[in-house]
Amino acid sequence: FLDTAVGSYVKLFAVKKLTFGRNRDVKKLVERFDKEIEILRKLKHPNIVNLISFVKMIEKERAWLIFPWASRGNVKQFLQTGNWEIPERVALIEDVSRGLSFLHTQNPPICHGDLKSLNIVVDQDFKAIIVDFGSARTVSSRKAKRPRPGRRLQPTLAVQAAGHSTDSIQSLISTIITDHMPFHQISNDSCVVLRIMQGELPPVRTNKKLAQLRTMCTLLMRCWEEKSMRRPTATECLEVIEQLPSARPSKIAIDHEIGERVRSAALWNALGELNFDIGSCTMALHQFNKSLEISKSENDNKLSSLVHRNLGDIHYIEGRWEDAVDAYEESQRLALLGGLERLDETSLCRLMDSYTELGWLHEAQELFDNIVIDPHDGQGWEDVVESSYKLGKASYELGQYERAIVVYERARNIHQNKQEYTEPLYSLHHSAILYCLYGRYADAKRIFEKLKIVQDPPLEGMSSVLIALRTPVRLLYCEERGDWADVLVRFVSICTNEGRYNDALAVYNEIWHIRELQGRKKEVADTLKCIGHLYVDLERYKEAESVYKEGHAISRDEGDQLGTVKFLLCIAEVYCIGGLYDDAVRMHQQAGRICYMERLGELYVDTVNRLGEVYRWTERYEEAVESFREAREFAALVDYPNGKADALRGLRLTFAGEGDYEEAMKRLKRAASVFRNSGDTESLLKCNLAIQEIEEMDSEQAIE
């Protein structure tokens, strides 16, 4: 360095001195010297070293480059001066990334060629600066070549015209964050190269410090891609690094009362962001509050606004809506005092969501009206759309239909050209109802078209939407009724799962009408059977009987023998519930004859077993035994073990009813053995319970 004294003022400079020697090619030395001067004179950037002047007296073997003095040494030396926090280290990486991005975006691009910790210095203001451009060169896509990979050039290439190189930045990131360069435990560069060629890369996510920076880990893995075009550009690296929590290093001061380092408000905030990103919300909350305490004492409105926003994010994530509102509103107020225009879109949307969750729809609507979003902008629109749909849903559920329509339509307009975005089902359902309610049938039909192609299952509780749309659907669709019925089917299971049988019945009636108009007879019969089942669940047995009989007639006329049998069994079940056992026997006998004629073996066994059960219930034990024995023999003939086990269980219950407990137990155990071998655990459990029941009955008989 040089000392320049002016009175009592001393200014320091750094000097790079060209070394001459007897065996050195002076011409090449001078060419490199001139090249470095040529490159540096064109570069003006805060993170690129500034060439102040130079001395060139070749005949006297003097060639110097003069730069500003970096009082804190190179970055490796600087990191050894204290226990620097991760956000402070990230700030240094961000400085280097800015300088590197600047170099790589020149025309033509400039490759530094020797990027390492020794060539990064830290100035008086704790700013990182790239120095030593002796290996720098301008490159083009035709001349760019792949250098041999080493511990610093890992497999990263020299910068190309396309920009797909990081000039070995991943090595520098690793050094600054962890204090060690990759493969620091290996002293031989050739061994490092061999490991890289074998695909063995240094650990990233397992490093404790790097693991706290998840996006940084992902970035480093991308930098290690074998194909250069898959690696991020320097600008892409900068975009990622700028999003990480960072704080400019500052002088380390110790609070001797507590024996800890005194941290700045910015550092406390960055530490809070770091912990929030990895899910440590309790620690983050403490650190944000520490930052807020200091920033308020320093009247730093900009930083206080940022900290309040971060506090709002924690409250929002944890569902403390009122606290979130307070934090976001204070952040907005301080932002205006600090000269900022407004909160970012994400924070505004979270504030709107918090209003919505609290039911403060007027405030949410007012905020919604003031959010300006460019639908062609790639930033922020999705958050606005999501929050808008939440507001629309809340408005709809509170009966504020006009507001709901306005909000839904605006959200739809924002994302209409975004093919990757799928509108929530509930907004489509609500919009369809509201359009029909206000007579906007053309708009309703457009929504129906979207609903018809939705593949995902509907959200719970949305089945009532379809009930409300019964008449409009028939008004809007003529030839396409079958397709719409297929859509309606998806919603019935939601009703039944919620125990809303009346709603499910309404949807099924709509399906029935549509399929009947379409002339799809078999599907009409299937729908009638489902309607009958719902009537049974609702204990509306007369209506169930009527529907089953109508379905039976359709199946019979269509020649659907299997469907005919199933309807006969359904009718028989209704008769049994109503105590009409003779009619139930007649239905089972008709069903059995059809099964036998059509060779429906397993169904025949089930039908005869059910007939035996009816005989047993009415204490017609001889006929019951005859039915169960016939079912048992036929089950063995068609190799139907479950049917055989049911027959054995029926015989057991019949003998028990007659008081023959010994015979009942013997047959019950045989049935249990069949169920055990077939893996039918449910039936096996029933058998075991029945054995226990028989034993209790036998004990009671003995006592008497």
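Visitor: Which residues does Ser304 touch, not counting residues up to four places away in sequence?
Guide: Ser304 touches Leu292, Ser295, Lys296 and Leu334, where contact means heavy atoms within 4.5 Å. The model is predicted, so local features need pLDDT of at least 70 and side-chain atom pairs pLDDT 80 or more, while totals for chains, interfaces and linings use all residues. Residues are numbered from 1 along each chain as its sequence is written, and side-chain values use heavy atoms, leaving out hydrogens and water.

Visitor: Why is Ser304 called buried?
Guide: Its relative accessible area is 3%. The term buried applies under 20%, exposed over 50% and partly exposed in between, with a 1.4 Å probe and protein chains only. Ser304 therefore counts as buried. Ser304 lies in helix H10, residues 301–317; helices (H or I, at least four residues) and strands (E, at least two) are DSSP runs numbered from the N terminus. Its C-alpha atom is separated by 9.1 Å from that of Gly338, 34 residues apart along the chain.

Visitor: What makes Ser395 buried?
Guide: Ser395 has 0% relative accessibility, so Ser395 counts as buried. Ser395 belongs to helix H14, residues 381–397. Beyond its neighbours within four places in sequence, Ser395 is in contact with Leu361, Gln400, Arg403 and Ala404. Of these, Leu361 is 34 residues apart from Ser395 in sequence and 7.2 Å apart in space, C-alpha to C-alpha.

Visitor: How much of the protein is buried?
Guide: Buried residues are 48% of the 704 residues. The protein has 30 helices and 10 strands.

Visitor: How do you know the relation between the directions of H26 and H27?
Guide: Helix H26 (residues 601–617) packs on helix H27 (residues 621–637) at about 165°, with axes 8 Å apart. Axes are lines fitted to C-alpha atoms, for helices over the stretch in contact, with angles from 0 to 180 degrees between N-to-C directions. Under 35 degrees is roughly parallel, over 145 roughly antiparallel, 65 to 115 roughly perpendicular, and the rest oblique. H26 is therefore roughly antiparallel to H27. The crossing of H26 and H27 is left-handed: the near helix is turned anticlockwise from the far one by less than a right angle, whereas clockwise would be right-handed.

Visitor: Which residues meet there?
Guide: Among them are Tyr604, Val608 and Leu611 in H26, and Phe628, Ala631 and Phe634 in H27. The contact of H26 with H27 divides into 11 nonpolar, four polar and four charged residues. Here Ala, Val, Leu, Ile, Met, Phe, Trp, Tyr, Cys and Pro count as nonpolar, Asp, Glu, Lys and Arg as charged, and the others, Gly among them, as polar.

Visitor: And what makes H22 and H24 roughly parallel?
Guide: Helix H22 (residues 521–537) and helix H24 (residues 561–577) pack at about 15°, with axes 11 Å apart. H22 and H24 are therefore roughly parallel to each other. H22 passes H24 in a left-handed crossing. Ala525, Lys529, His533 and Val536 of H22 make the contact with Lys566, Phe567, Cys570, Val574 and Ile577 of H24. By class, this contact has six nonpolar, one polar and two charged residues.

Visitor: Why is H3 called roughly antiparallel to H7?
Guide: Helix H3 (residues 86–104) and helix H7 (residues 234–241) pack at about 155°, with axes 8 Å apart. That angle makes H3 roughly antiparallel to H7. The crossing of H3 and H7 is left-handed.
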